[in-house]
Amino acid sequence: MSTEILTEPLFIIVAALLLIVIISFLIYDVKHRNEVEENERLYKKKEETLIESYVKNQEDERMAHKKEVSHLNEKYLEDTTLLNNKLSSIQQFTVDKGEYLTDLALLNFKNKLVTEERIRESDMYILSNIYLPSRNYTNTRKIDHLVLTRTGIYLIDSKYWSGHILHGVTEEQYDEIPYLEGIFQLLNLDPNKEQTLIFEKENDEKVAVNYYNNTIEDTEMTAEKLRNVLKLQFDVVPIIYFNPKDNGGHTIMNYATDSNAKVIVGTEQLEDYFNKHVFQGRFQYTVKDLDEIAESLMRLNP
C-alpha cells in the first residue's frame with residue numbers, strides 16, 4: 001500500500017518533467033524555424049540584390065561599350081568621308097577647276113545638312129565626272145555632277161565663268177539686243193535654238209565672247225539618256241549651273257523658255273534650290289534605290 005502511494009507522485013513528477021521538455025523543445029523548434037526562415041529571407045534578398053547589381057553592371061558595361069563603338073564608327077565614317085572628299089577634290093582639281101569648286105560646294109552643303117541632322121548620310125549622293133558610254137563609244141556623254149536624293153535625281157552641267165551672260169537667247173531677242181544678230185552670224189549660231197553667250201572683259205580694250213552651243217538641249221538630252229540607261233521611273237532634272245570665278249562681279253539675263261532645265265547662278269542659289277526641293281519635294285526613291293543607282297553608275301565608270 002505504501003509502495004503504491006510513493007510510486008504515484010514519482011510518476012506525476014516524471015510526467016511533468018517530460019511535458020516541460022516537450023514544451024521547451026516545441027518552443028525551441030518554433031524559434032529555430034523562425035530564425036531559419038528569416039535567414040532564408042535575408043539570403044534570398046541578398047541574392048536578388050546581387051543579381052540586380054550584376055545585371056545593372058552588365059547593362060551599364062554593354063551601353064558603355066555600345067556608345068564607344070558608336071563613337072568609333074562615327075569617327076571612322078567622318079575620317080573616311082573627309083579622306084574621300086579630299087581625294088575626290090584632288091581628282092576634280094586635276095580635271096577642271098570649275099567642276100572642282102562646284103563639287104566642293106555640293107559636298108560642303110551635304111555635310112552641313114548631315115551635321116545639322118536634317119538628312120542622313122545615306123539620303124544624298126554627290127557624284128561627279130560620270131560618263132554614259134554609248135554602245136560603240138562614239139556618243140559618250142559626260143555628266144559634270146549628279147545629286148541623288150530621295151526627292152529626285154539632279155543632273156548639273158557646271159559652267160565656270162565671269163562677266164555677263166545672255167542665256168537662252170534666240171532671234172526673238174534681236175530687237176531688244178541690237179548687237180545680238182551680228183554675234184549669231186559671226187559665230188554661225190542657229191538663231192532658232194536657244195544659245196548661251198558669255199561676255200568677259202580681258203582688258204580695258206578687249207572683250208572676249210564665249211558661247212555654249214545648244215547647252216540647254218544637250219543637258220536635257222543627257223538627262224533623258226541617263227533615265228533610259230538606268231531605267232528610272234522618274235525624270236532626271238537637268239540643271240545648268242553658272243559658277244562665278246573667284247566670286248567676282250557677274251550678271252545674267254535669262255531668256256530661256258524651256259521650263260525643264262533649271263538655271264542657277266552662284267553657291268547661294270544652288271543651296272537655296274536644293275534646300276527647297278530636298279525638304280519640300282515628294283519622295284520618289286528609297287535609300288535602297290539610291291544605293292542601287294549609285295552602284296549602277298559606278299559599274300559604268302570603273
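Predicted model: local features only at pLDDT ≥ 70, side-chain atom pairs only at ≥ 80, totals over all residues.
1. In the contact between helices H4 and H6, the residues Leu226, Val229 and Leu230 on the H4 side meet Ile293, Ser296, Leu297 and Leu300 on the H6 side. Sorted by class, this contact of H4 with H6 is made up of six nonpolar residues and one polar residue, with no charged residues.

2. As for the geometry of the pair, H4 spans residues 215-230 and H6 spans residues 287-300, and the two helices pack at an angle of about 100 degrees with their axes 11 Å apart. The angle makes H4 roughly perpendicular to H6, because values from 65 to 115 degrees are placed in that class.

3. Turning to the whole protein, the secondary structure comes to six helices and nine strands, and buried residues account for 32% of the 302 residues. Of the contacts between residues at least 6 apart in sequence, 62% join residues that are at least 24 apart.

4. H5 provides the largest share of the lining, with four residues. By class, the lining has five nonpolar residues, one polar residue and one charged residue.

5. Once its neighbours within four places in sequence are left aside, lysine 110 is in contact with Ile119, Glu121, Met124, Tyr125 and Ile126.

6. Two residues deserve a check of their backbone angles. Most residues other than glycine have a negative phi. Asparagine 188, however, has a phi near 55 degrees, a positive value in a residue other than glycine, and this asparagine lies in the loop between helix H3 (180-187) and strand S5 (195-203). Its relative accessible area of 68% makes asparagine 188 exposed.

7. Lysine 231 likewise has a positive phi of about 55 degrees although it is not a glycine, and it is found in the loop between H4 and strand S7 (237-244). Lysine 231 counts as exposed, with a relative accessibility of 73%.

8. Glutamine 233 is found in the loop between H4 and S7, and its relative accessible area of 60% makes this glutamine exposed. Which residues does glutamine 233 contact when its neighbours within four places in sequence are left aside? Under that condition, glutamine 233 is in contact with Arg227 and Tyr285. Glutamine 233 and tyrosine 285 are 52 residues apart in sequence, while the distance between them in space, taken from C-alpha to C-alpha, is 9.2 Å.

Definitions and conventions: Residues numbered from 1 in each chain as written. Heavy atoms only, no water. Axes fitted to C-alpha atoms, helices over the stretch in contact; angles between N-to-C directions. Parallel < 35°, antiparallel > 145°, perpendicular 65-115°, else oblique. Contact = heavy atoms within 4.5 Å. Nonpolar A, V, L, I, M, F, W, Y, C, P; charged D, E, K, R; others polar. Buried < 20%, exposed > 50% of the residue type's maximum accessible area, 1.4 Å probe, protein only.
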